[in-house]
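Q: Please take a close look at one part of this model: the charged side-chain pairs. Keep it brisk.

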Amino acid sequence: MNVRDSEHIIAELNQKEPYELTDNLKDADLIIINTCSVREKPVAKLFSEIGVFNKHKKKSAKIGVAGCTASHLGKEIIKRAPVVDFVLGARNVSKITEVIDKKHAVEINTDFDESTYAFGEYRSNTFKAMVNISIGCDKSCTFCIVPATRGDEISIPSALIVQEITKAVANGAKEVMLLGQNVNHYGRRFSGMDEIDNFTQLLQKISQIEGLERIRFTSPHPLHMDDAFLEEFASNPKICKQIHVPLQSGSTRVLQQMKRGYTKENFINRCEKIRTLCPQATISTDIIVGFPGESEIDFEDTMEVLEKVRFEQMFSFKYSPRPHTEAAAFEDQIDDALAGERLTKLQTRHTEILDEIMDAQMGKIHKVYFDELKPNGRISGRSDDGKLFFVKGSEELLGCIVDIKVTKTSRGALEGVLV
Ligand code: SAH
């Protein structure tokens with residue numbers, strides 16, 4: 001989502017202002033740092049980055065801070081780093097052309113409705129298009145800062161989504177990645193009228209777009225994975241068989257404290273349903289360890305879900321207390337060293353599972369969509385189920401979906417040859 005926000009910023013500046021992209025910091029007239037704030041680490045990094053940019057940039061170059069950290073720190077950023085010229089919140093991307101010329105402008109209104117805003121056209125990769133289907137988040141997960149930085153959830157009208165995808169397909173994209181904080185909650189609130197009222201219907205409508213061959217989405221919420229949605233996922237040939245099911249914790253008690261709305265058993269049931277309906281699908285997840293009050297037994301529940309589901313991909317984090325969240329005020333915060341031990345245990349076990357999964361890929365054939373040239377005569381792409389492939393090849397393969405046989409496996413990627 002942040003990458004797409006950056007593309008929108010670039011598109012607006014390309015079209016409405018005399019700016020173009022540069023790789024060279026010394027050439028830059030404008031430096032924009034787009035930020036995340038889900039964990040504390042990126043926030044600390046922001047201020048060190050501002051210092052580095054300030055030291056090496058052209059004297060006249062402006063620095064702007066955009067994204068979620070901009071939303072929640074606002075003018076505090078300029079107070080701490082007066083070299084910053086403007087602050088632009090995650091929900092105010094369309095105001096970029098207004099803030100660049102106002103010294104110390106701060107635009108961070110989370111009530112602002114960007115859901116029907118037509119951004120200029122810019123894509124860092126023309127083969128794959130990212131398209132937002134909603135903005136904001138209506139959940140109240142006690143650990144998460146996102147609702148405070150991105151505001152209430154509003155669905156983008158389906159006609160706009162279809163229009164944007166159709167344009168991207170005409171420009172060479174065969175694949176779309178639909179973006180939203182809870183994509184399968186689509187349709188609950190529109191800024192205007194819309195004939196579509198759920199994500200399953202949206203998927204059906206998008207899959208009718210001619211020339212579009214692959215549909216991905218991130219992230220769905222386990223609570224809204226009803227049977228109709230999972231059946232659409234399994235049976236629609238355009239939907240890639242890779243699904244993110246963010247667990248957060250395997251303990252029902254912790255899940256309640258997190259206000260996630262599902263239990264350990266509901267979660268396992270949804271994953272089993274995916275495995276039954278669609279055995280070839282890969283399941284990825286997000287896990288937080290060391291949430292306030294997490295006991296050894298709670299953590300063992302998380303380990304148990306890992307054993308049961310055997311996630312093909314796992315993003316795991318130590319709990320990080322965030323401002324504007326309920327859990328930051330919980331009394332039973334977990335010792336950092338203990339959380340670190342648990343994270344290591346979880347990741348070590350997942351690595352073993354992942355090695356088994358990847359080793360079993362040897363000799364298998366996948367349909368790979370090639371989208372990026374790499375050094376040394378190689379080209380990269382992804383299989384339908386989301387595995388990263390590197391293959392010897394050149395431009396002719398770019399934008400093609402080709403059968404590839406796996407000849408070498410590793411934890412992060414596969415190598416193969418054309419069959
Ligand atoms: N709406 C998305 C969440 C986006 S944030 C979803 O529900 O999947 C991405 C991930 O960051 C979350 O899934 C969570 O695992 C992690 N995260 C969010 N807040 C966090 C915190 N305070 N500490 C540690 N990890 C956190």
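A: Arg 123 is buried, at a relative accessible area of 12%. Buried here means under 20% relative accessible area, exposed means over 50%, and partly exposed lies in between (1.4 Å probe, protein chains only). The model is predicted, so local features need pLDDT of at least 70 and side-chain atom pairs count only at pLDDT 80 or more, while totals for chains, interfaces and linings use all residues. Residues are numbered from 1 along each chain as its sequence is written, and side-chain values use heavy atoms, with hydrogens and water left out.

Arg 123 has a charged partner. Its side chain meets that of Glu 164 in a salt bridge, 2.9 Å from N to O. The pair links distant parts of the chain: Arg 123 sits in the loop between strand 4 and strand 5 (128–132), Glu 164 in helix 7 (residues 158–170), 41 residues apart. Helices (H or I, at least four residues) and strands (E, at least two) are DSSP runs, numbered from the N terminus. A salt bridge needs a side-chain nitrogen of Lys or Arg within 4 Å of a carboxyl oxygen of Asp or Glu. Side chains of opposite charge can pair when their charged atoms come close.

Glu 164 is partly exposed, at 22% relative accessibility. Both partners belong to a network of salt bridges, which links Arg 4, Glu 7, Glu 121, Arg 123, Glu 164 and Lys 167. By this rule, the count of salt bridges comes to 36.

Two further pairs are worth a look. Glu 296 forms a salt bridge with Arg 342, with 3.0 Å between the closest N and O atoms. Glu 296 lies in helix 12 and Arg 342 in helix 13 (residues 336–359), so this pair ties together parts 46 residues apart in sequence. Arg 342 is buried at 5% relative accessibility. Glu 296 is partly exposed, at 43%.

Asp 101 pairs with Lys 62, and their closest N and O atoms are 3.3 Å apart. Again the pair links distant parts of the chain: Asp 101 is in the loop between helix 5 (96–99) and strand 4 (105–107), Lys 62 is in strand 2 (residues 62–67), and 39 residues separate them. Asp 101 counts as exposed, at 54% relative accessibility. Lys 62 is partly exposed, with a relative accessible area of 23%.
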